[in-house]
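Hi,

Here is the structure I promised to pass on. Have a look at it first, then read my notes below.

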Amino acid sequence: MFDPAVFASRREAYLKALGPDAVAIVRSLPERLRNGDAYHPFRQHSDVLYLTGFVEPDATLVLRPGAETEKVVMFVRPRDPEMETWDGKRAGLEGAKERYGADAAYPAAELRTRLGDLICNVDELHYALGLDDDMDLMVAATLARLRKTEKKGKRPPRAVVDPRVHLHELRLHKRPEELRALATASKITTEAHLAAMHAGRPGAFEHELEAVINYTFRRRGGAGPGYATIVGAGENATILHYIANSCAIADGDLVLVDAGCEYDHYTADITRTWPASGTFTPAQRDVYDLVLDTQKTAVALARPGATIDEIHDHCVRRLTEGMIRLGLLAGTVDDRIADAAYKKFYMHGTSHWLGLDVHDVGAYTRGGVARPLEPGMVITVEPGLYVPADAEGVPDRLRGIGIRIEDDVVITTGGHEVLTASCPKEVDDVERACR
Ligand SMILES: [Mn+2]
């Protein structure tokens, strides 16, 4: 948990970006029932976390840069000794003001009646439509009410603006304390991948490795996985979002592990692929060398001014060259890129933003074209190659091989820094870690 001054300065920056003629509503998403009366573990919406560090459900932040007083208003669950016996301590209205920087705090139940007065008479309402039906209806009803009260001096905002315009731009540019959290998350995640490499051997089950990984995350003080841990052995590695993790690892299998620890609400995102036996077969090695060379040369491109599209195009070209060399595709590189035949074996993007969310917020394009990378942005670089076991017209030796190598990269003024550099990916290092 960061110092309250960190959150204060983030709110300050957001209030400034909004300007005096705008207000913002930032709200937690509803708790979700799992079954009966048991809920999924609650994880605060990252926009609320970013601006307050407040982790309780049913929290709403209304930011009003143009207001004389009460610029930062919070609606929270009030203290309630009986409920707190069941669900844990609440900050309450006093806590919201004293610890979370609210100028004014009200009970969550009063949001409906107070919202109109808080968002009227400005040009823009910054609010994320489409995430929470109940809240969307409340906002819509509030706007409808304000349309009728203009003659009485309360008019509705003229536009509802997506938070990506300002708030997500702030989240996209990481500050030092965020990079430190990501570095810690990366360190723990590296430890977990190493532990999985040690524990992974023919006969072990994928879920055992998942347990080793998630155990390491928690033991080291992380919140747990920042997304569902993927452990895919053999041809399961060719399923991109394989999270069943239910199969036994066979001799000769490669194991693809995509797992990241969430620490201080920031998540790492690492993928490694390694031989359960401790030694790559020649066919596995051919594909691994191709993906590794592609990944390393792609990481080398990460610097201010470069774009995620350039990095992806580089990967597509390298991988397509390799697919032709290995007999997965025929013809020329340009033709196979032009007709997108490479997508049969490399069907996902190369990079995404990383931060509080594994697929973090922030616009990828400006005016329809990829935006240049800037210092403080954090991206993944994760090329892969996947040959389904039942693919037609591919060499038998390559069937069922799935490989992805993923690192987390922060853009710096001088180029980049790989946050996950200590997680082995060179063939010798990987084989040593697996033996
Ligand atoms: Mn990723």
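Which residues have the most contacts inside the largest nonpolar core? Keep in mind that this is a predicted model. The core has 111 residues, and the ones with the most contacts inside it are Val23, Leu63, Met74, Val255, Val257, Ile379 and Leu385. Helix 8 (residues 176–199) gives the largest share of this core, seven residues. Both domain 1 (4–170) and domain 2 (173–434) supply at least three residues each. As background, nonpolar side chains tend to be buried together in soluble globular proteins.

Leaving out residues up to four places away in sequence, Leu63 touches Arg11, Tyr14, Leu15, Leu18, Val23, Ala24, Lys71 and Val72. Val23 from that list is also one of the core residues with the most contacts.

Three strands make up an open sheet in the order 10-11-14, with antiparallel pairing. Strand 10 (230–233) and strand 14 (270–275) are at the edges with a single partner strand each, so one side of each has no neighbour in the sheet. On average, neighbouring strands here are turned by 10 degrees against each other, ignoring direction.

Strand 11 (residues 254–259) pairs with strand 14 over six bridges, in the antiparallel sense. Val257, another of those core residues with the most contacts, stands opposite Arg272 in strand 14.

Last one: what lies across strand 10 and strand 11? That's helix 9 (residues 206–219), which runs at about 150 degrees to strand 10.

Cheers

Technical notes
Residues numbered from 1 in each chain as written. Predicted model: local features only at pLDDT ≥ 70, side-chain atom pairs only at ≥ 80, totals over all residues. Pairing = 2+ DSSP bridges. Helix = DSSP H or I, 4+ residues; strand = E, 2+ residues; numbered from the N terminus. Axes fitted to C-alpha atoms, helices over the stretch in contact; angles between N-to-C directions. Contact = placed C-beta atoms within 7 Å. Core = buried A, V, L, I, M, F, W, Y, C linked by C-beta atoms within 7 Å. Buried ≥ 20, exposed ≤ 12 C-beta atoms within 10 Å, placed from the backbone. Domains from an automatic or database assignment.
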